[in-house]
Amino acid sequence: QVQLVESGGGLVQPGGSLRLSCAASGFTLDYYVIGWFRQAPGKEREGVSCISSSDGSTYYADSVKGRFTISRDNAKNTVYLQMNSLEPEDTAVYYCAAGRRITTVQAMCANSRLFFTSWGRGTQITVSS
């Protein structure tokens with residue numbers, strides 16, 4: 001059974017840092033793209049960052065470039081999202097998702113409904129003083 005479990009969310013002050021983890025079970029990360037997506041109240045879900053487990057190629061949304069870093073540990077079947085310099089605008093529920101790599105990481109990250117077939121339940125991140 002394919003399962004993705006996110007952890008590491010919580011409340012953080014502006015300028016702070018958090019690291020999210022996405023642990024996969026029931027499949028190996030090889031040949032998959034793992035993505036982090038977020039949805040704030042009243043807003044559409046957006047792709048934050050994605051990574052190819054096979055070659056490590058990455059994509060970042062413009063809003064998080066230079067602040068967030070995605071990485072993977074294939075031996076642990078886990079993908080991480082290091083988030084620094086957090087802003088109130090980063091407040092959202094963060095989801096990780098997996099999809100077989102079919103096209104570029106950027107294209108997949110921009111079309112989550114089309115390409116990502118397995119989703120975690122999400123973890124809340126609140127950035128507030």
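The following dialogue examines how several terms apply to this predicted model.

User: How many disulfides does the structure hold?

Analyst: The structure holds two disulfides. One is formed by Cys-22 and Cys-96, and the other joins Cys-50 to Cys-109.

User: Why is the link of Cys-22 and Cys-96 called a disulfide?

Analyst: The term requires a pair of cysteine sulfur atoms within 2.5 Å. The sulfur atoms of Cys-22 and Cys-96 are 2.1 Å apart, so the pair meets the cut-off of 2.5 Å. The angle about the S-S bond is 65°, and the link is right-handed.

User: Which parts of the chain does the pair of Cys-22 and Cys-96 tie together?

Analyst: Cys-22 belongs to strand β3 (residues 18–25) and Cys-96 to strand β9 (residues 92–100). The pair therefore ties together parts that are 74 residues apart in sequence.

User: What makes Cys-22 and Cys-96 count as buried?

Analyst: A residue is buried when its relative accessible area is under 20%. Cys-22 has a value of 2%, so Cys-22 is buried. Cys-96 has a value of 0%, so Cys-96 is buried as well.

User: How do you know that Cys-50 and Cys-109 form a disulfide?

Analyst: The S to S distance of Cys-50 and Cys-109 is 2.0 Å. This lies within 2.5 Å, so the pair is a disulfide. With 80° about the S-S bond, this link is right-handed. Both Cys-50 and Cys-109 are buried.

User: Where do Cys-50 and Cys-109 lie in the chain?

Analyst: Cys-50 is in strand β5 (residues 46–52), while Cys-109 is in helix α1 (residues 105–110). The pair links distant parts of the chain, 59 residues apart. When the bonded cysteines of the protein chain are numbered in sequence order, the pairing reads 1-3, 2-4.

User: Is Ser-21 buried or exposed?

Analyst: Ser-21 has a relative accessible area of 15%. That value is under 20%, so Ser-21 is buried. Ser-21 is found in strand β3. Leaving aside residues up to four places away in sequence, Ser-21 touches several residues, including Val-5, Trp-36 and Tyr-80.

User: What makes β1 and β7 edge strands of the open sheet?

Analyst: The open sheet of four strands has the order β1-β3-β8-β7, with antiparallel pairing. Strands β1 (3–7) and β7 (68–73) each have a single partner strand, so one side of each is left without a neighbour in the sheet. The twist from one strand to the next averages 15°.

User: How do you know that β3 and β8 pair?

Analyst: Two strands pair if there are at least two bridges between them.

User: Why is the pair of Phe-37 and Trp-119 called tilted?

Analyst: Ring centres must lie within 6.5 Å to pair, and planes under 30 degrees apart count as stacked, over 60 as edge-to-face and the rest as tilted. The ring centres of Phe-37 and Trp-119 are 5.1 Å apart and their planes stand at 50°, so the pair is tilted. Phe-37 lies in strand β4 (residues 32–39) and Trp-119 in strand β10 (residues 118–119), 82 residues apart. The count comes to four aromatic pairs, and ring pairs link Phe-37, Phe-116 and Trp-119 into a cluster.

User: Why is Phe-37 called buried, and why is Trp-119 called partly exposed?

Analyst: Phe-37 has a relative accessible area of 1%, so Phe-37 is buried. Trp-119 has a value of 28%. This lies between the limits of 20% and 50%, so Trp-119 is partly exposed.

Key:
Residues are numbered from 1 along each chain as its sequence is written. This is a predicted model: local features need pLDDT of at least 70, side-chain atom pairs count only at pLDDT 80 or more; totals for chains, interfaces and linings use all residues. Side-chain values use heavy atoms; hydrogens and water are left out. Helices (H or I, at least four residues) and strands (E, at least two) are DSSP runs, numbered from the N terminus. Buried means under 20% relative accessible area, exposed over 50%, partly exposed in between (1.4 Å probe, protein chains only). Contact means heavy atoms within 4.5 Å. Axes are lines fitted to C-alpha atoms, for helices over the stretch in contact, and angles run from 0 to 180 degrees between N-to-C directions. Rings of Phe, Tyr and Trp (its six-membered ring) pair if their centres lie within 6.5 Å; planes under 30 degrees apart count as stacked, over 60 as edge-to-face and the rest as tilted.
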